[in-house]
Amino acid sequence: MLYNVIRDGDNISYIPTVAGRTALTALFLILLAAAVFLAGKKSAGSQDAVSRKTSARLTARQLSFCSAAIALGTVLSNIKLYEFPFGGSVTLLSMLFVCLPGYWFGLKAGLVTGMAHGILQLIIGPYVIHPLQLLMDYPLAFGAFGLSGLFTDRKNGLLKGYVTGIVGRWLFSTLSGWIFFAEYAWEGWHPLPYSLTYNAIYIFSEGALTLAILAIPHVRESFARVRKLALEIQ
């Protein structure tokens with residue numbers, strides 16, 4: 001059995017068992033390995049061949065950077081600068097760090113790393129009422145942060161990629177709220193505009209704070225230097 005069924009009146013939720021968490025952990029590691037492989041292809045660039053020793057060094061570098069982004073995103077998601085009374089919170093730039101692998105290594109690596117982060121969130125704090133809701137709220141919503149990879153080589157790529165990533169997350173969270181959490185709509189609100197507004201408030205509040213910080217030249221330069229390190233072949 002991979003999950004336990006929890007009943008609270010008419011409401012049903014699903015909590016992973018030990019076997020379920022083990023399976024999710026295995027999936028997380030598989031996704032992380034896939035992200036590292038895709039990131040390595042980006043870092044290798046146009047080189048036709050590298051030595052076995054260099055390839056191993058690349059793999060270790062990509063693993064370190066992807067793992068660090070996931071770890072920082074997870075830790076910072078628990079540092080809440082503000083919690084809204086109706087739900088949702090502004091964290092300490094957690095979404096930015098989940099967007100970074102896409103900015104560093106491109107779209108594919110970013111999407112897979114974001115999905116891995118979503119699976120980790122599912123392991124840590126699951127709230128599941130339907131398989132499709134699980135898919136939307138965890139691998140898809142967090143995987144959308146990898147859309148930052150669309151702008152990896154563009155001018156102001158981090159800013160553009162971050163905005164695209166959080167809009168992607170907002171869309172998946174909105175769909176989930178509209179379909180599965182309509183009963184929580186504010187009085188007098190239709191479920192769709194409620195979900196659009198509810199998710200926009202906390203996601204874009206943190207987004208605005210993050211963009212204000214990234215507008216500081218020294219901060220942008222620091223992130224650019226980190227990207228150079230992530231892609232560096234020694």
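Me: What volume does the largest pocket have, and how is such a feature read?

Reply: Rolling a probe the size of a water molecule over the atoms shows where empty space is left. In this predicted model, the largest pocket has a volume of about 1000 Å³. A pocket is an open set of points on a 1 Å grid over the protein atoms alone, where a 1.4 Å probe fits, with protein on both sides within 12 Å along at least five of seven lines. The volume is the space filled by probe spheres set on the points, joined across faces, edges and corners.

Me: Which residues are closest to the centre of the largest pocket?

Reply: They are Y138, F142, R169, Y198 and Y202, out of 38 lining residues, a lining residue being one with an atom within 4 Å of a point.

Me: Which helix gives the most to this lining?

Reply: Helices (H or I, at least four residues) are DSSP runs numbered from the N terminus. Here α7 gives the most, with six residues.

Me: Which residues of α5 are buried?

Reply: Buried means under 20% relative accessible area (1.4 Å probe, protein chains only). In α5 these are Q133, M136, D137, Y138, P139, A141, F142 and G143, and they pack against α3, α4 and α6.

Me: What volume has the second largest pocket, and which residues lie nearest its centre?

Reply: Its volume is about 280 Å³. Of its 13 lining residues, L2, Y3, Y14, V128 and L134 lie nearest the centre.

Terms used: Residues are numbered from 1 along each chain as its sequence is written. This is a predicted model: local features need pLDDT of at least 70, side-chain atom pairs count only at pLDDT 80 or more; totals for chains, interfaces and linings use all residues. Side-chain values use heavy atoms; hydrogens and water are left out. Helices (H or I, at least four residues) and strands (E, at least two) are DSSP runs, numbered from the N terminus. Buried means under 20% relative accessible area, exposed over 50%, partly exposed in between (1.4 Å probe, protein chains only). Contact means heavy atoms within 4.5 Å.
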